[in-house]
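Student: Could you take me through one part of this protein closely, and show me what surrounds it? I would like to see how the pieces connect.

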Amino acid sequence: MCGIIGYIGERNIIDVLLNGLTHLEYRGYDSAGVALFDNDKVVVIRSEGKLTNLIDKVKGKRFTGSVGIGHTRWATHGKPSNNNAHPHKAGDVVVVHNGIIENYLSLKKELIKKGHKFDSDTDTEIIAHLIEDYMLQGMDFLKGVKKALNRIDGSYALGIICEREPEMLIAARNESPLIVGVGKNEGFIASDIPALLPYTRDMIFLEDGDLAVITKERVEISNQDKDIKRKLVNISWNQLMAEKGGFKHFMLKEIFEQPRAVTDTIRGRLNKENGKVTFEDFPLSRGEIKKLSNIYIIACGTSYHAALVGKFIIESLARIPVMVDIASEFRYRDPIFSKNSLMIGISQSGETADTLGAIRETKKRGIKLLSITNVVNSSIARESDGVIYTYAGPEISVASTKAFSTQITVLLLIALFLAYHRTGFSDSFYMDIIKEFVKAPHFMETILKDVASIEKIARKYVNKKDFLYLGRGILFPIALEGALKLKELSYVHAEGYPAGEMKHGPIALIDEEMPVVILAPKGYLYEKIWSNIKEIQTRDGKLIAVAFEDDHNIDEVADDVIKVPKTIWPLMPLVFTLPLQLLAYYIADFKGTDVDQPRNLAKSVTVE
Ligand code: F6R
C-alpha cells in the first residue's frame, strides 16, 4: 500500500503535493518523492525515510511548472532507499504507482535486451520504461501509456507525466484505489480522499480499467478505449473522518481491508491453473526442501496464533513436523535442532525484541531462517536468509487484524509450496484447496456485508465480565485469537481453549453469567463440538456460535449465531477470524475504550 498524489493547475504545486502526501503518509512512510516541472524540464526529488526528509530537501525551492506527481512508499519490491523511492523516470516519462505488477520480471528482461537501463529493484520502473519504449517507436504520450497498460498484469493506481507534455496528467487504475479531484481550472489525483479535501470536495472515483487524461480545463475518462462518464461525487466528510475512510476507528477500517490484503498477498505467487506457488526469496534449494526434517515457527501474540494455524496446515499438506513456540520462551530454552531444520519467524512489525532475540539464538546454531513480515527491510527481514512479505499495508491500529489474515495466507502458500516440491500435485485435494483459496477474499467480503448482526450481539453481551472461546483443530488458534482481541481491546477477561479440554477444568466456570463463543463448522469435528455445546447448555452457559450458513440445527441450540460462508478446513481460519475481530471491536466500542490505542500496549514491542 502506497499513497499517490498528482496536480495540474495554477496553485503552488510543491505545496499541493507535499500537503497531499502528508495526508497519505498513513499508507506508507519508508520513502517519498515528487516530480514536477521547472523551466520545461521535469525535476525528480526523492528521499529515503519519513516524509519530513523530503520536505527538508525541497524547503525554500520554487518551481515554475503547473503539473506534478508525488508518492509516499510502503515497500513491496525492493527495500526502502533513494533509488527505489518513486517517482521513477525513463527518458521523458515519469511514473508514481501503488500496487503490484505481477509480470514485471519478464518485461524487465525484455526491456534490458532492448538496451533500457534500470536504476531500481522496483516493479514500477518497468512501467516508465515500457511507455518510453513505445514513445521511442513513434507513439505519442497517451498512446504509449495505453499500449504499456495492455502489457502489464497486476494491480495499479498510476500517476504519469511526460516532459514533452507539460499540460497533461494521466491517471490509470486497476484494483488499487484512485480518485480524481475536480476544481476550477485545476485537477488532482490521489489514492484517498483526505489528500484532496483541502482543495476540492468534488471527486470522481475511478473504476478498474479506467484511464483519465487530466488537463486544467477537463477530465476525460476512457475504459477499454471507449470514452466513459463517471459520476461526480460531492464529499461531505471532515478531514479526520476521511483519514479513517469514513470508519470510526482505524481498526474497523483495517478489518474491512482484509479481502484486499489477502488478494494482494496471494497475487503473483499462486498460479491458479497448475497450483504452483513461487516466492522471490525462499532460503532453501529444491534439494534442501526434499531433505527438510522439521520446521520451527516462533512469534509473539497474534503472530504466534498465526504460527499455530501454520503448524496445522504445513503438517497436514506437506507432511513435515512443525514445532511452534512463543519467542520469549524459545530463546531461554535449549531447543534441539537437527541439521535439516528450517526456522520461520513471524512478525508484523519485524521489530519485536523477543522474536528478534529468538531468531538470533537460532542463527548461531547455523539453522536457515525464513521470515514472514509486513515491513520491508525491518530488522527481522534483514537478519533472515529469506523473506516472504505480507502485503497488508501499514497497520495503524495497535490490535493486529489484517496482518494476521495475511500471515495465515502466507503460511498456506508455504504449505502448498512445500507440498508441491515434496509430493507433487498428484492429489486432486490440493487443487481443490487452491480453487477454494482464491475464493477466500470473497468469503471475507460476504461476512463484512452483514456486520450489523455482529454489532447487535456485541451490544447484548457488553456488560459480561468473562468470556470463554472454544475451537477445535485448526480453529483452536482462532479461539485464542478471538479471546486475545477481546481482552486487549475491551479489558474484559477472556480465555481461548481447545474445546476438548473444557471438561478438564474450564467447565467449572460455566454458569448463566458466562458467554461461550464456540466455533462450530459443520462437517469438521462437528459431533465433538456438538457434545461441548450440550455440556454448556446443561450448565446454563450463554452460547454464541459461529457456524456455516447452511447449519440450521445450531439455530435451535445457540443463544446467538453468526453465520459464515461454508468452506474447507484449510480456509476456515481466514473465514472464522473476521466475526471474532468484529465482536471484540464492537464490545470495546460500546464500552468506550480507546480502540485504536488500548491502554498499556504498543504497536511494536521493541523491549524484552
Ligand atoms: C495483538 C497484537 C500483538 C502482536 C505482537 C507481535 O493484537 O498486535 O499481540 O501480534 O506484539 O507483534 P509482531 O507481529 O509485530 O511481532
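Tutor: Let's start with Ala172, whose bridge partner in strand 12 is Leu211. The model is predicted, so local features need pLDDT of at least 70 and side-chain atom pairs pLDDT 80 or more, while totals for chains, interfaces and linings use all residues. Residues are numbered from 1 along each chain as its sequence is written, and side-chain values use heavy atoms, without hydrogens or water.

Strand 12 covers residues 210–214, and four bridges link it to strand 8 in the antiparallel sense. (Strands are DSSP runs of E with at least two residues, and helices are runs of H or I with at least four, both numbered from the N terminus; two strands pair if DSSP finds at least two bridges between them.)

Strand 8 has another partner to look at: strand 7, residues 154–162, runs antiparallel to strand 8 and is joined to it by five bridges. Look for Ile160, which stands opposite Ile170 of strand 8. Two residues separate strand 7 from strand 8, and the two strands form a hairpin.

How enclosed is strand 8? Seven of its 10 residues, in the run 165–174, are buried (under 20% relative accessible area, with a 1.4 Å probe and protein chains only), so the rest of the structure largely encloses strand 8.

Now step back to the whole chain. An automatic or database assignment divides the chain into domain 1 (3–243), domain 2 (251–438) and domain 3 (446–591). Taken over C-alpha atoms, the centres of domain 1 and domain 3 are 45 Å apart.

A polar backbone atom of Ser400 is 2.9 Å from an oxygen atom of the ligand, and a backbone N or O atom of Thr302 lies 3.1 Å from a ligand oxygen. For Val398, the distance from a polar backbone atom to a ligand oxygen is 3.4 Å. Taken alone, the ligand exposes 410 Å², and the protein buries 89% of that (areas by the Shrake-Rupley method with a 1.4 Å probe).

Conventions:
Polar contact = N/O pair within 3.5 Å; in protein donor to acceptor, adjacent residues only side chain to side chain. Buried < 20%, exposed > 50% of the residue type's maximum accessible area, 1.4 Å probe, protein only.
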